[in-house]
Amino acid sequence: METHRMVGHLIRRLNQGSTQAFTRHMQAHGTDLTSVQFAAMDAIVTNPGIDQAGVAALIAYDRATIGGVIDRLEQKGLVLRQVSKRDRRARELRATEKGLALFSEILPVVRALQDDILPGLTEDERRQFFDLARKAIGGDAAAE
C-alpha cells in the first residue's frame, strides 16, 4: 500500500497514538483536559499575563480557534481573563489557584506518558526522534 510509505501518513498515526496516550492518562488521573488545553495551560503558567495570540504562537495553534480552548479552560475555573492595564483591548491570561494546582499535579503524569507515545523505541532512539522532529519543524531542540 502506497500510503504506508508516506511520511504524512506516519505522522498522522503518531499523532493519533499521542492523543490516545494523553487521553488515557488524563482519564486514569480523573482529569478532563485535552493535550491542546494542557499546552495552553503550560504557556499561561509559564508566561502569566500572556494574551491569546501569544498562547497560540507559543503552542503553534490557530489564532482563530485558540479562543475556544481558552473559553473551556476558563469554564473549568483553571484560567482567568483580565483586561490589560496597558491595552484595554487586550485580555491577559493567568492561571487560577485551581489551575496552578492542577497543572503541578498533572505535569509529572504528562512527562511520564511521553514514553508511551513511542513504545517501540529505546530511550536513545526517542532522543534522536525528538531532535529530528524538532529539526523538521524548524525548531532548535537544544533550546528547550
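Student: How many aromatic pairs does a search of the whole structure find?
Tutor: The search finds two aromatic pairs. Keep in mind that this is a predicted model.

Student: Ok, take Phe 22 and Phe 38. How far apart are the ring centres, and at what angle are the planes?
Tutor: The ring centres are 6.1 Å apart and the planes are at 50°. A pair is stacked under 30 degrees and edge-to-face over 60, so the pair of Phe 22 and Phe 38 is tilted.

Student: Which helices do those two lie in?
Tutor: Phe 22 lies in helix H1, residues 7–29, and Phe 38 lies in helix H2. The pair therefore ties together parts that are 16 residues apart in sequence.

Student: Buried or exposed, Phe 22?
Tutor: Phe 22 has a relative accessible area of 5%, so it is buried. The cut-off for buried is under 20%. Phe 38, with a relative accessible area of 10%, is buried too.

Student: And the rings of Phe 38 and Phe 103, are they stacked or tilted?
Tutor: That pair is stacked, because the planes are at 15°. The ring centres of Phe 38 and Phe 103 are 5.4 Å apart.

Student: Where in the chain are Phe 38 and Phe 103?
Tutor: Phe 38 is in helix H2 and Phe 103 is in helix H5. They are 65 residues apart, and the pair links distant parts of the chain. Phe 103 is buried, as is Phe 38.

Student: Which residues form the aromatic cluster?
Tutor: Phe 22, Phe 38 and Phe 103 form one aromatic cluster.

Student: Now the helices. At what angle do H2 and H5 pack?
Tutor: Helix H2 (residues 35–46) packs against helix H5 (residues 97–117) at about 120°, and their axes are 11 Å apart. Angles of 65 to 115 count as roughly perpendicular and those over 145 as roughly antiparallel, so H2 and H5 are oblique to each other.

Student: Is that crossing left-handed or right-handed?
Tutor: The crossing of H2 and H5 is left-handed.

Student: Which residues meet there?
Tutor: From H2, Phe 38, Met 41, Asp 42 and Val 45 take part. On the H5 side they meet Gly 99, Leu 100, Phe 103, Ile 106, Leu 107 and Val 110. By class, the contact of H2 with H5 has eight nonpolar residues, one polar and one charged.

Student: What about H1 and H5, how do their axes cross?
Tutor: The axes of H1 and H5 cross at roughly 140° and come within 9 Å. These helices are therefore oblique to each other. The crossing of H1 and H5 is right-handed.

Student: Which residues make that contact?
Tutor: H1 contributes Ser 18, Ala 21, Phe 22, Arg 24, His 25, Met 26 and His 29. H5 contributes Glu 105, Ile 106, Val 109, Val 110, Leu 113, Asp 116 and Ile 117. The residues of the contact of H1 with H5 divide into eight nonpolar, three polar and three charged.

Student: Zooming out, how many helices and strands does the protein have?
Tutor: The protein has six helices and two strands. Along the sequence the pattern is α-α-α-α-β-β-α-α.

Student: What does the C-alpha trace span, and how many residues are there?
Tutor: Along its principal axes the C-alpha trace spans about 55 × 30 × 30 Å. The protein has 144 residues, and 28% of them count as buried.

Student: Last one. What share of contacts comes from residues 24 or more positions apart?
Tutor: Among the contacts with a separation of 6 or more, residues 24 or more positions apart account for 48%.

Definitions and conventions. Residues numbered from 1 in each chain as written. Predicted model: local features only at pLDDT ≥ 70, side-chain atom pairs only at ≥ 80, totals over all residues. Heavy atoms only, no water. Axes fitted to C-alpha atoms, helices over the stretch in contact; angles between N-to-C directions. Helix = DSSP H or I, 4+ residues; strand = E, 2+ residues; numbered from the N terminus. Parallel < 35°, antiparallel > 145°, perpendicular 65-115°, else oblique. Left-handed = near helix turned anticlockwise from the far one by under 90°. Contact = heavy atoms within 4.5 Å. Nonpolar A, V, L, I, M, F, W, Y, C, P; charged D, E, K, R; others polar. Phe/Tyr/Trp six-rings, centres within 6.5 Å; stacked < 30°, edge-to-face > 60°. Buried < 20%, exposed > 50% of the residue type's maximum accessible area, 1.4 Å probe, protein only.
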